[in-house]
Structure formats: C-alpha cells, structure tokens
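User: I am new to this structure and would like to understand the terms used to describe it. Could you take me through them with care?

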Amino acid sequence: MMDLCWTILGGLTGIIAIFLWKLSKKYQKDLLFWPGLIHGLVLMLFSIAWATGAVLEGVPRSASMGLLLFGFSGIIITTICFKNILSNPIENGLLKDCVLKDGVQNKETKKTQIFERLPETEINASKKPILDKKPSLLFKFVPYIAYASLLGAYILGMTQNIADYESMVMEKYKGRVLTKIKDDPIVFELAPNGSEANSSEIGEYIVISKGQGYGGPFVIGVHIGEDAKIRRVMLLDNRETPAFVKKVENAKFPEQFMGKNVVDDFIPGEDIDIVSGATISTRAATQAIREAAHISATNYFKLKQSWKKEPWVFGLEEILVLVLFGLAFVKQVYAKKPWKYVYMAATIGIVGFYLNSAISIGSLAGLAMGFIPDFKTHMIWWVLVVGTVLTIFIKGSNVYCYRICPFYGIGFVLNKISGQKFSPSKGVLNYAKPVSNFLLWLALMIIFLSSHPAAGAFEPFAMVFSLNGDGVHWFLLPLVLVGSFFISLFWCRFFCPCGHGLSTLLKFRKKTITLIQRNK
Amino acid sequence: MENQGNSLNKIVSNILYGVSLLCILGFLVQSVISFF
C-alpha cells in the first residue's frame, strides 16, 4: 500500500516538474512568481505525503492537521501567485505572450483561468433560490413525511432509550449484596463485605445521579464508604461529544474525587480542577458527583449542611457573549463596514476560539429533547441557544447565522483572501437544497433515535476551534476550509444543518402566523 | 477561454462539494454504527 502511495506521489512530482519546466520555457522573466509557485506546489505534495502516512498509521487527526497546515498554505500561496500574474499581465509577460502568438491563447493561460472570477450575473444567480423548478405532487408530501418520521423517531427515542443504570452498577459489584433503598435518585446500600443486607451496621452507599452537560445528561455512579468518603466514581452514561469525554477521561478527572468527604464543596475552579477544553463536561460531571455526595451526607450519614452553595457562574466570558448577542441586533455593527469586520473578528475570537460555544444541530436537538443545562452555571449556552430560538419565535429574525456564528466568519475571511467566487454546476445546485434538507433530516433522525445530540452533529466547529474530532470528521475540516476558500459561503449554503434548522423554524413561525391570520 | 476557465472552476467546485458530502455521510454512517 505504502509503495503504491509513494509511486503515485512520484508520478505527481514528475508531472509537476514537467509542468514547471514547460512554464519556465515561456515565462522566465518573472522572478517573484517562481519561488512562490514552487513553494506552494511543494507544500501541497508534502501535505499529501504527510496525510497518506498519517492515515496508514491510523492517525486521522494528524492527517487533517497536515492537510490544513501544509496543503492549505500551499493552495493559498499558489492562488496568490496566479492572481498576481493575472492582475499584471503586461509586466509579467504572461498574457502578453499568449495573445501575441497568432491571437490564440496557449494551454498554460487556459489553466490559469481556473482562478478567474465568475461573471457578476452568475454570482447574483448563485444568491437566488437554488431550486427554481416547481415540485411535483409527490414531492409536496415529502416534507410532511419527513416531519412525521422525525416526530416518530423523537417519541421512540425518548421512550425506548432509557438505560438500565441499576444493572450497570450491579455488574460492577458482582458478589456484593446491593439493596436499592431509593428510586429518585437511585441509591443502593452496599452491605459490608461478608454481612447480609439490611444489617444494623452502617454500610456503604452507591448513588446514581445526573449532571446536565452541553449535549445531555452526564450520569455518574458514586460509591461512598462507611467513613463518608468517596471511594469510587463511575462514568455510567453521557451524551457529550466523544472527543470531550475522552479529554475528561484522559485527564483522570474522576480520580481527584477519591477520598473527598461528602460534605466538601465540590465547586469547579475552587476545590475541583477543571479539565482545560472540556469545561462544560467537567461542570456536568462535578454537578452529578456533588448531588450524590450531598444527598448521602444529609439523608444517610445525618451530617449537617456545611458546604457552600454553588455560585452563579458570571464573569468576563458571560459578559462578552451577552454584549455580542446584543450587538447582533444593531445593524450598524453587524452589517456596516468597518464595524462589520470588527464584530466578525470578535465572534471568531470569542465565541469560536476562546469559548468554543458555536451552536450546532446537537444544541438545537438537545433543547428539543429537554437536555437543558442549569442557567446559573451555563449562561453562555442559554444566551446563544435559547436566545437565538426565542428571537426567531418572538421577533421573527435569525440573529445567529451570518452574525454571531464564528464559522461563518472563518469562511468569509478565507473567501476574502482568495477573492474567488467559484460555484458548482447547475446540476449540483439544483439538488443542493434537497440534499441539505436530507442531511438535516438524517442528522435529526440519528439524534432522536439515539437520544444522543452529538451522534448526528456533523459540524466541524469543535475541530476548528479546539482541535477535537473523531474519525471521518477529521477529513471534513480541511475540505470545508478549502471549499470556503474558493466558494463563497460554502458551508452555510450547502451543508450547515444548524443554519437550515434555524431557517426551518423561521418558516414554521411564518406559516403558523399566516394560518392564524387566515382563520381570524 | 473564459468558458473553459468557468468549466474548470465548476469541476473544482463539484469535486469539493461531492467529497465534502461523502465525508458528512461517512461521519453519519460512522455514528449509526457506533450508537446502534
């Protein structure tokens, strides 16, 4: 396999060498063009070699990073070189030579046309609704079938996906006598080794409790010893993005609870260390452990409440998000130059890289499934997710897309750098809208059936802003960034399930209002 | 020449669109396999 890859790379290098040699025969005078072009092409070849090696070694993350750092830099440098030539044809001699030869342009010039802008009419055409044809009678029913199937999946997922946490705990304590003494939350009494259940001795307890994370509940079993100290913390279930959970596990987060007394405060950032890059998951897990410890302290060990109440999490981060959300209503800021660019940079920096809080289809589906985190500790989630949805229903406008969304900002900046307005062919454009709707439907079906918001959230946001990803996801990131470089609003127009979901909510609101007005 | 340039840019766009779509579908299939 590796031999084949090296042969292909060798072939590609040969083709590029011949291409450069042919170009050098005709355009020798341009000194700035050559180092740039060769540098760009070498970077692209190197990134292919890197990515191939990484994939074969089973490290997709490394492949993605290689393609991004080297391949994408190569594409940018090559594009700038070609743009430079095209914008100064006479000085560089490129177009001049071509036109002079019998009035016919040579092959190399034609190749450079790949970087030419689309005519204005075509750019405007791409902004028009993509599907112009009137849908047939059969297609009229497709949306209703989709809505009905989503409702079915939602009901099925909510009623069927109830995990049996009791069995999970019993499995882990095989051979010990476990007696269930409470239902909500589930509490087991663990008789001391060798003794019978319900003996007069104070035994140990296992409490199963939940904390609300970004994607759903974080279920944890906490084993408390007879000395009122935590003996074991078991992560039983979670609905978080797998990459964040991996971070929590790798940081040995549960280990720091061992030996802690049930009357401790358990406050992240004070007596509990937060795992960097997985703040929300850390808070959710701590919330579950705190609840388990304090329930057992008051109910079973009869200890007095001496712990601090969980404080409101309100600091600079929350203020920044509130300000950005407020400014999304001020047209002078989000739509007019130069403030538009300042606002965009702020959303990329704060909502994207600093907080990594971009809304995904998982956030919207989680809201629909009732996975709502505590307002006191997750104000950012409330402002962005609940704020956006409420604005759609109350005001009838989507303040998130093209304003707060940091991924839109990244795509916009990349496209500005290239200055290109590539567009897929009409055949693809005709099917782009149904395809994006299908992707939204498929993502929601997977989320509802699995009751796991992260399962269908295919957006590469977390990878861009915190380099967290899983499997195939890693290949999507470089593709989307390269796509945004050449095609304006590549992600927003063709794929974004969150954007399409919010648009669907807007349409739903409009239709409901029209229906109400008609019946009046 | 302009037409040829446009057709090349359409080919590049179609490839980017198609491969991205395949990656998304791949991710969703991967999710289905791991969660069900």
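Analyst: Helices (H or I, at least four residues) and strands (E, at least two) are DSSP runs, numbered from the N terminus, and by that rule chain A comes to 24 helices and 5 strands. This is a predicted model, in which local features need pLDDT of at least 70 and side-chain atom pairs count only at pLDDT 80 or more, while totals for chains, interfaces and linings use all residues. Residues are numbered from 1 along each chain as its sequence is written, and chains are lettered from A and ligands numbered from 1 in the order in which they are written.

User: What makes strand S1 and strand S5 of chain A edge strands?

Analyst: Two strands pair if DSSP finds at least two bridges between them. In chain A, 5 strands form an open antiparallel sheet in the order S1-S2-S3-S4-S5, and strands S1 (178-182) and S5 (230-237) each pair on one side only, which makes them the edges.

User: How do you know that strand S3 and strand S4 of chain A pair?

Analyst: Strand S3 (residues 204-212) and strand S4 (residues 217-224) of chain A are joined by 8 bridges, and because at least two are needed, they count as paired. In S4(A), A:Ile224 is the bridge partner of A:Tyr205.

User: Why are chain A and chain B said to be in contact?

Analyst: Two residues are in contact if their C-beta atoms, placed from the backbone, lie within 7 Å, and 26 residues of chain B are in contact with 34 residues of chain A, so the term applies.
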